[in-house]
Amino acid sequence: MQKTKTVCSLMLFFVMVILLTGCWDRGELEDKSYVIGLGLDRSKQEGKIKVTMLLANPEVGSMQGGGGSTEKPREIISFDANDFIAAKATANSVISRSISYDLLRIFVVSEEFARDPMFPSTFFEVLKDKEIRLNSYLAVSKEKAAQYFLKNKPRMETRPHKYFQFMVNHGIENGLIPDSTLFRYFQSAERGTDLFLAMYTTAIREKNPKIKREDEYMAGELNATGELDDTQFIGSAVFKNGVMIDKLTGQETRTINILDDTTNIKDILVNIPDPFSSSQKQFAARILKTQSNKVKMNLKGIRPKIYITIPLQFEIMSNPSRVNYRKEKNRQILRKHIADHIEQMNEDLLKKTQTKLKGVPYPLPLFAKKYFGTIQEYKKFNWGKSYLRADIHVKAEIDIVNYGKQTSRPKKVGE
Amino acid sequence: MNQQPGKLGIREFVSIAILMVGAKATEDTPAVLFRQVQNAAWMIPLLSAGIFFIPLFLLIKTMSLYQDKDLFSVIKKLFGKYLGFIVCLFIFIISSFAVSYDTRTYTNIIRSFYFTTTPNLIIYVILMVICAYGAKKGLQHVGSVSYLIIFYALLSLYIALGISTQQSNIQSMFPIWGPGQLEIIKLSSQNITIFADFFILTMVIPYVTSNKVFKKGTWIAFVYVSIQISVATLIFICMFDASLAGYAYPFHIAIRFISLGDYIPNVEIIFFIIWIMTAFIRFTAFLYINALMFGQLFKIKDFEYLIPSLTTIYLLIGIIPESPIDITLVLKPLIQNLAGPMFAVISITLWLVAQLKGEFKHAKNKNSM
């Protein structure tokens, strides 16, 4: 009896071990090829799309201190397909390993395709695929996505997943690109009241671009020279009902990111015109956002009124006109000047969203919801239309936490 | 401690109840509620709990007249032999279908999110075999295991929900009344099935140390679970906003979305393991109770031997529907619209019959004598 029992439990144990392999879902790292970036373009043939896959080699860089293989870190493959889900199988005629979207980090859509009214119906397939995570990013490239991945050759970060992770994270922290996860894209598309911003990128540098202020560029316009990557992430593409309609520059994107409390901006370095300088000098400042914006609305009447208060902390980093901030009067001038500057910038941009974009590019309508008792009333109010008529007042609450080092004017010889 | 062997103490009982009913926050319930009343969905669990409180209170009051008797004995005693049998059979059939479709829902979740290529049947069989094995071990074991894992289960749920709040916006819960107060109240009364498990749990009274423990445990679990489901739903509403309607299983979408920083980006497997353990407990308890019902119905004393065969039947019922859509859109609503209201009606009728028969007076007289 004792013997049979032991044998039985041993058998059970072995059955358990078989289960541990994961049945049909057994996977081997060696056998997998992970798609890090997926490019989508319009195909020459009607109704099809051109899929580009950026595949990472899991073997490269996984070993500490060299000794790794000499294989290339990435593979890029482009072909025409009906959708990007079945494309996985098609790609296997070229790629030796089984293709997985598990680690997919970024979707790059060419501007041409993003402006196509057919784009949302193709892109909504993302929700059907069980491997794609909603925290992957959506980016719009100026050129064709297929070309973008080929041109994009990072020098320092050869492993593509790290490159996109760092590039995107730092861009979002600086506020120059929006936090455009698929999650937010679908949220905004489902809400149908606000616009969605996707990061704008390109791997082709413009020839002879104009020199502008530090954040007024679009991707490709920054004239960086030296030994570097051509890829630039700056600015944003505006999506309405899932289709791209317009672009915003880096500065406008940053302003929206400051208005939007749901993004993850950290600290932002900006240049602001110096109020004390007669020539057009600018001083550098660090903006910290520690508190959330306060939004108040008065939605009765024909022209709804929206009051937005933005609390910002400033650190003054440079002082080109060498003003003495020990004097209270100077400090007040500066505070007033910064507040006016910020308010002007925000109101101008919001005006532009009302007239040009015809919608607000961040989830502002959410704040309107609490003024209504039921969904029917809210729907009747029709945010999409009412917003265009709205009176928007922006108030900046500026708190200067640090005036920087006080330097005295260097003495000139003979003075 | 003065625990009788083979009986459930209060902590085991509360753990089983919380794992059985609280798990609803992690399957399709929040999304189903959202489709019905949009952003007011978080009120439904609270209001339904308020509505279901009355029948449950009356039921427990009636049950307390008969020490150490389970639901079916009481029904048979109050309704008579034949009517009682029919009512009991009805309860058994409904709860059987509920188990089949619930297990199928869990199989669908596992297949669509975690084991995408394994055939449905294999996952289903493994799930059921494990649950049947657990149920065969007896309620005492189920109680101990649920007390063992309840801490981890709740902790992981809190962590997942806590991280989710970082991505959410509280403004999404407005307009506060959703589709209107009347609509909310109407749908809360339809959704009392969320708490129907508490009705079924009265079957295990003979296995709980005392009636007082049962009463106290039920109320603790009842209040806690209604709050948990409501809070979870609220967090999902704030996180997904309008797109919640498009996701069948918001908890699993959420744990795939959240990450613990840049270096541990994909963490869903940690939550999945703990979640699957609660699922095992949930269905183990369900299977055991259903076997108990069957045993009571047909006067089978060693009902624990019934568990494997009952499990097989449930498995066979569960695999009939072809696709997950049939389950969530057709069959489950059918059970949901039937079970809750019917259990409530049975509870109230039981109390009324007891009142008419003068059982409460008898009990009082007995006590005063």
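**Contacts between and within the chains of a predicted two-chain assembly**

Across the interface of chain B and chain A, three salt bridges are found, a salt bridge being a side-chain nitrogen of Lys or Arg within 4 Å of a carboxyl oxygen of Asp or Glu. The model is predicted, and local features therefore need pLDDT of at least 70, side-chain atom pairs count only at pLDDT 80 or more, and totals for chains, interfaces and linings use all residues. Residues are numbered from 1 along each chain as its sequence is written, chains are lettered from A and ligands numbered from 1 in the order in which they are written, and side-chain values use heavy atoms, with hydrogens and water left out.

One salt bridge joins A:Arg133 to B:Glu268, with the closest N and O atoms 2.8 Å apart. Over all chains, the structure holds 24 salt bridges. The pair of A:Arg133 and B:Glu268 crosses between chains, running from the loop between α4 (119-123) and β6 (137-141) of chain A to helix α12 of chain B; helices (H or I, at least four residues) and strands (E, at least two) are DSSP runs, numbered from the N terminus.

The contact (heavy atoms within 4.5 Å) takes 34 residues from chain B and 33 residues from chain A. The area buried between the two chains, that is, the accessible area (1.4 Å probe) lost on putting them together, summed over both, is about 3100 Å², of which carbon and sulfur atoms give 57%. B:Gln171, B:Arg256 and B:Phe257 supply 20% of the area that chain B buries against chain A, more than any other three residues.

Between chain B and chain A, nine residue pairs are in polar contact, both residues being at pLDDT 80 or more; a polar contact is a pair of N or O atoms within 3.5 Å, where within protein one must be able to donate a hydrogen and the other to accept it, and residues adjacent in sequence count only if both atoms are side-chain atoms. On the side of chain B that touches chain A, α6 (120-137), α10 (211-240) and α11 (250-257) of chain B each supply at least two residues, and the largest share, three residues, comes from α11(B).

Within chain B, the axes of helix α7 (residues 139-166) and helix α12 (residues 268-297) come within 9 Å and cross at roughly 145°, the axes being lines fitted to C-alpha atoms, for helices over the stretch in contact, with angles running from 0 to 180 degrees between N-to-C directions. Among the residues that make this contact are B:Ile149 and B:Tyr152 of α7(B) and B:Phe271 and B:Ile281 of α12(B).

In chain B, a cis peptide bond with omega of about -5° joins B:Phe174 and B:Pro175, and B:Pro175 lies in the loop between α7 and α8 (181-190). In chain A, A:Asn241 has a positive phi of about 50° although it is not a glycine, and A:Asn241 is placed in the loop between β8 (232-240) and β9 (243-248).
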